[in-house]
Amino acid sequence: GQLLSKMRFISAQLEAYLSNDVWLRNARHANAMAARLSQGLTAINGIELAYPTESNEIFVHLSREVIESMNAAGFIVTEGELDETAPPRFVTAWNTEESEVDALLAAVKAAVDK
């Protein structure tokens with residue numbers, strides 16, 4: 001951990017993060033990108049969400065073939081991240097762009113259509 005004398009550095013970052021609702025804008029954007037991804041995934045035949053999307057994380061059931069195709073296309077999709085039974089998880093962030101979400105959706109669609 002940091003020394004207490006260094007706390008001013010952490011406090012400066014936290015103050016900037018909380019001022020002018022920066023944290024809220026960032027969270028809203030991440031959640032909006034997750035909603036876009038979630039809606040796009042559910043529109044693809046054969047894709048089913050594991051859980052409702054309530055934040056910036058999307059858990060989705062993907063077949064072994066789709067996962068392998070996604071990995072071959074340059075997307076890293078892992079299984080069992082949280083435990084050996086967890087479905088793959090996609091996470092959006094404050095800096096996720098719509099074009100990135102759309103590219104992922106196109107890759108999933110292409111993998112499913114193979």
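Leu 18 lies in helix H1, which spans residues 7-18. Helices (H or I, at least four residues) and strands (E, at least two) are DSSP runs, numbered from the N terminus. The model is predicted: local features need pLDDT of at least 70, side-chain atom pairs count only at pLDDT 80 or more, and totals for chains, interfaces and linings use all residues. Residues are numbered from 1 along each chain as its sequence is written, and side-chain values use heavy atoms, with hydrogens and water left out.

**Leu 18 and the surface patch**

- Leu 18 is partly exposed, at a relative accessible area of 48%. Buried means under 20% relative accessible area, exposed means over 50%, and partly exposed is in between (1.4 Å probe, protein chains only).
- Together with Leu 14 and Trp 23, Leu 18 forms a nonpolar patch on the surface, with about 290 Å² of accessible area for the three together.
- Patches are made of residues with over 30% relative accessible area and no salt bridge; like charges are joined within 9 Å, and nonpolar side chains (Val, Leu, Ile, Met, Phe, Trp, Tyr) within 5 Å.
- Accessible areas come from the Shrake-Rupley method with a 1.4 Å probe, and for residues only the protein chains shown count as cover.

**The loop between H1 and H2**

- Asn 20 lies in the loop between H1 and H2, and its relative accessibility of 66% makes it exposed.
- Phi of Asn 20 is near 55°, a positive value in a residue other than glycine.
- Asp 21 also lies in the loop between H1 and H2; Asp 21 is partly exposed, with a relative accessible area of 43%.
- Asp 21 is not a glycine either, yet has a positive phi of about 55°.
- As background, most residues other than glycine have a negative phi.

- Helix H2 covers residues 22-42, which is 21 residues, and reaches 30 Å from its first C-alpha to its last. This is close to the 30 Å expected at 1.5 Å a residue, where the expected span is 1.5 Å times one less than the number of residues.
- The buried residues in H2 are Ala 30, Met 33, Ala 34, Leu 37, Ser 38, Gly 40 and Leu 41. They cover an arc of only 165° around the axis, which puts them on the same side of H2. The arc is that of the directions from the helix axis to the C-beta atoms.
- The buried residues of H2 pack against strands E1 (48-49), E2 (57-61) and E3 (89-91), and against helix H4 (98-113). Contact means heavy atoms within 4.5 Å.
- Arg 25, Arg 28 and Gln 39 are exposed on the other side of H2.

**Asn 95**

- Asn 95 is placed in the loop between E3 and H4 and counts as partly exposed at 42% relative accessibility.
- Asn 95 and Asn 26 are 69 residues apart in sequence, while their C-alpha atoms are 7.9 Å apart in space.
- Leaving aside neighbours within four places in sequence, Asn 95 is in contact with His 29 and Glu 100.

**Salt bridges**

- A search of the whole structure finds four salt bridges. A salt bridge is a side-chain nitrogen of Lys or Arg within 4 Å of a carboxyl oxygen of Asp or Glu.
- Arg 36 forms a salt bridge with Glu 98, with the closest N and O atoms 3.7 Å apart. Arg 36 lies in helix H2 and Glu 98 in helix H4, so this pair ties together parts that are 62 residues apart in sequence.
- Asp 102 forms a salt bridge with Arg 36, with the closest N and O atoms 3.0 Å apart. Asp 102 lies in helix H4 and Arg 36 in helix H2, so the pair ties together parts that are 66 residues apart in sequence.
- Arg 36, Glu 98 and Asp 102 are linked in a network of salt bridges. The relative accessible area is 29% for Arg 36, 44% for Glu 98 and 34% for Asp 102.
- Lys 109 forms a salt bridge with Asp 113, the closest N and O atoms being 2.8 Å apart. Lys 109 and Asp 113 are four residues apart in helix H4, so about one helical turn separates them.
- Lys 109 is partly exposed, with a relative accessible area of 41%, whereas Asp 113 counts as exposed at 51% relative accessibility.
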